[in-house]
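This report describes the strand pairing and helix packing of the structure shown below. The model is predicted.

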Amino acid sequence: MPSSVIKYFSYDKATETLKIIFVTGMVYLYKNVPGKIYKMLKASGSKGRYFNSNIKDKYKFQKLEEE
């Protein structure tokens, strides 16, 4: 999962929550993200580009403490 922006991401299907850890160490939880969006992120050749186009500014999020 090489990305210059995203270090790690995971998805909780039950709560539709997408957790993204950025290379900066910042951790965000994106709420009510459909499974399809997660699957497309996972399959995307450019995680950062997909994130910017399809997730950022489109879903409510909670910023957690830095990792």
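## Strand pairing and helix packing

In the hairpin formed by β2 and β3, four residues lie between the strands, and G25 adopts a positive phi near 100°. The strands β2 and β3 (residues 27-30) run antiparallel and are joined by four bridges. Within this pairing, I20 has Y28 of β3 as its bridge partner.

On the other pairing of β2, six bridges connect it to β1 in an antiparallel arrangement. Here I6 stands opposite F22 of β2. The hairpin of β1 and β2 has four residues between the strands, and E16 takes a positive phi near 55°. The two hairpins are set out in the table.

| Hairpin | Residues between the strands | Residue with positive phi | Phi |
|---|---|---|---|
| β1 and β2 | four residues | E16 | near 55° |
| β2 and β3 | four residues | G25 | near 100° |

Strand β2 is mostly covered, with five of its six residues buried.

Attention now turns to the helix α1. Which residues of helix α1 (residues 35-43) are buried? They are I37, Y38 and L41. Viewed down the axis of α1, these buried residues fall within an arc of 100°, and therefore they line one face of the helix. The face turned away from this buried side carries the exposed residues K36, K39, K42 and A43.

How values were computed
Residues are numbered from 1 along each chain as its sequence is written. This is a predicted model: local features need pLDDT of at least 70, side-chain atom pairs count only at pLDDT 80 or more; totals for chains, interfaces and linings use all residues. Side-chain values use heavy atoms; hydrogens and water are left out. Buried means under 20% relative accessible area, exposed over 50%, partly exposed in between (1.4 Å probe, protein chains only). The arc is that of the directions from the helix axis to the C-beta atoms. Two strands pair if DSSP finds at least two bridges between them.
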